[in-house]
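User: Please take me through this structure, and for each term you apply, set the value against its definition before you conclude.

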Amino acid sequence: MSEPTTRREALRLAGLGVGAAATPALLLPALARAQSSDDDDLNDFLEPAIELEQATAVAYETAAEAKGIDGELKRTFERFQEQEQAHATALRSALDSLGFDLPDELSDPAESDHLDGIDNLKSENDYLAFLVDLEQEQVRYYASDAPPLDSEDLIRTSAEILGCQAQHVVVLREAQGAAPAVAAAIRLGEGAQESQP
Amino acid sequence: MPITRRRLLAASGAGLAGTGAAAALSACGTEIEDPSAERDVELLNVALAAQSAVASAFEIEDARLLGPVQGFAEEATRQVQELGRAIEGAGGTAAETDESPPEAESPTEAAALALEDAIAAYHAAAGALSTAGLNRMVLEFIAADAAQLAALRGELGEDQAPEPFVTGLDEPPLVATEPA
């Protein structure tokens, strides 16, 4: 194989081995981009997003393990915890590739302001209400904070995550007893005309 | 072509495992088109056609067949109207749309299929549009359509939120990851 001639080509070739056996940890040094002051806005977006995703994952884990949560709802919480963790992992990879320090992994709910009060939750309805609030906070965050970025990839990935969070809201609201049409009524703004710069 | 912030995730191979590699390769093999008003009109017209099919799926003669989700038509119409205004705002002309809903075994399933197409069109536009306002609009619409899709899937007895990265029909996620 000839030597790669461009940084883009080097990255593409590095990517070739990814699906086979290499791990992210081994590849990231080779893939890391030079961090610049222009990247600060990406860091400013990614770090809070990671913290929110990690907190939501821990919230689902806590809810799934809570007394009285079982059956289909428990399985739903477990699956949503995995999906939140997948979001966090993707965003951590992006932040790492920029060369910024990563936020600490979260395992103790007491270490996140997003999870204040989770220890006081008692019932299924308490957990559902808490999780709906967290998911709605995520929906607002991705819909309002991602668009100003000039990274096409981050906006598109935010769109993918946003769609998932919106679906979580529907499932949780329906579990609270909302009718489908009410559960799915997600409005984030008044449209593009008013919000264009 | 140099690596740019616009292609951060694809270039870095973030996610890396499984389909992430394919996504990264696919992205690296594609020339990136810079955002422009002309490109905005092109992408938004694709979304308009897809969302028009959603609207037509909800405007069936007997709306009762849609059961508890018949109220979704209003949101679909709102999106069609806003897309038309956005296209005109970008200096373009909204393409004539006479979209029929996809063929399916039931009106609910047809609406679900149409929503997946619309989500895919919004996904293609997200981040590729030239203003923050337009990108915000398509993100808002993805959230709305993904939520409606989840509700319809519930009516169909399907998994309402099966994937962590929602892309629409036949679209792999830009970043695929395995939980750490």
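**Helix packing, core and confidence**

Analyst: In chain B, the residues Leu43(B), Leu44(B), Val46(B), Ala47(B), Ala50(B), Gln51(B), Ala53(B), Val54(B), Ala57(B) and Phe58(B) of α3(B) meet Pro107(B), Ala110(B), Ala111(B), Ala114(B), Leu115(B), Asp117(B), Ala118(B), Ala121(B), Tyr122(B), Ala124(B) and Ala125(B) of α5(B), where a contact means that two C-beta atoms, placed from the backbone, lie within 7 Å. This is a predicted model, in which local features need pLDDT of at least 70 and side-chain atom pairs count only at pLDDT 80 or more, while totals for chains, interfaces and linings use all residues. Residues are numbered from 1 along each chain as its sequence is written, and chains are lettered from A and ligands numbered from 1 in the order in which they are written.

User: What makes α3(B) and α5(B) roughly antiparallel or roughly parallel?

Analyst: The two helices pack with their axes 8 Å apart and at an angle of about 165°, the axes being lines fitted to C-alpha atoms, for helices over the stretch in contact, with angles from 0 to 180 degrees between N-to-C directions. Angles under 35 degrees count as roughly parallel, over 145 as roughly antiparallel, 65 to 115 as roughly perpendicular and the rest as oblique. α3(B) is therefore roughly antiparallel to α5(B). The crossing of α3(B) and α5(B) is left-handed, a term used if the near helix is turned anticlockwise from the far one by less than a right angle, with right-handed meaning clockwise.

User: How do you know which way α5(A) runs relative to α6(A)?

Analyst: Their axes come within 9 Å and cross at roughly 155°, so α5(A) is roughly antiparallel to α6(A). This crossing, too, is left-handed. The residues that meet include Leu128(A), Leu131(A) and Val132(A) from α5(A), and Ile161(A), Leu162(A) and Gln165(A) from α6(A).

User: Why is Leu134(A) called buried?

Analyst: A residue counts as buried if 20 or more other C-beta atoms lie within 10 Å of its own, as exposed if 12 or fewer do, and as partly exposed in between, with C-beta atoms placed from the backbone. Leu134(A) has 23 C-beta neighbours inside 10 Å, so it is buried. It sits in helix α5 of chain A, and, residues up to four places away in sequence not being counted, Leu134(A) touches Thr56(A), Ala59(A) and His114(A). Gln83(A), which is 51 residues away along the chain, has its C-alpha atom 14 Å from that of Leu134(A).

User: What places Ala49(A) in the buried or the exposed class?

Analyst: Ala49(A) has 26 other C-beta atoms within 10 Å and is therefore buried. It lies in helix α3 of chain A, where, apart from neighbours within four places in sequence, Ala49(A) is in contact with Leu91(A) and Tyr141(A). Asp104(A) is 55 residues from Ala49(A) in sequence, with 13 Å between their C-alpha atoms.

User: How many helices and strands does chain B have, and how many does chain A have?

Analyst: Chain B has six helices and zero strands, and chain A has eight helices and zero strands; helices (H or I, at least four residues) and strands (E, at least two) are DSSP runs, numbered from the N terminus. Buried residues make up 55% of the 180 residues in chain B and 45% of the 197 residues of chain A. Among contacts with a separation of 6 or more, residues 24 or more positions apart account for 73% in chain B and 70% in chain A.

User: What makes up the largest nonpolar core, and which residues have the most contacts inside it?

Analyst: A nonpolar core is a set of buried Ala, Val, Leu, Ile, Met, Phe, Trp, Tyr and Cys residues joined through C-beta atoms within 7 Å. The largest one has 99 residues, and those with the most contacts inside it are Ala47(B), Val138(B), Ile142(B), Ala143(B) and Ala147(B). The elements giving two or more residues to this core come from both chains, including α3 (40–65) of chain A and α3 (37–58) of chain B. α6(B) gives the largest share, 14 residues.

User: How do you know where confidence in chain B is lowest and where it is highest?

Analyst: pLDDT is the predictor's confidence in each residue, from 0 to 100, and chain B averages 81, with 72% of the residues scoring at least 70. Within chain B, helix α2 (residues 19–28) is lowest, at a mean of 36, and α6(B) is highest, at 96. Residues 11–30 of chain B stay under 50 in pLDDT, although the model has 66 contacts for them beyond four places in sequence. For the model, the scores are ipTM 0.83 and pTM 0.82.
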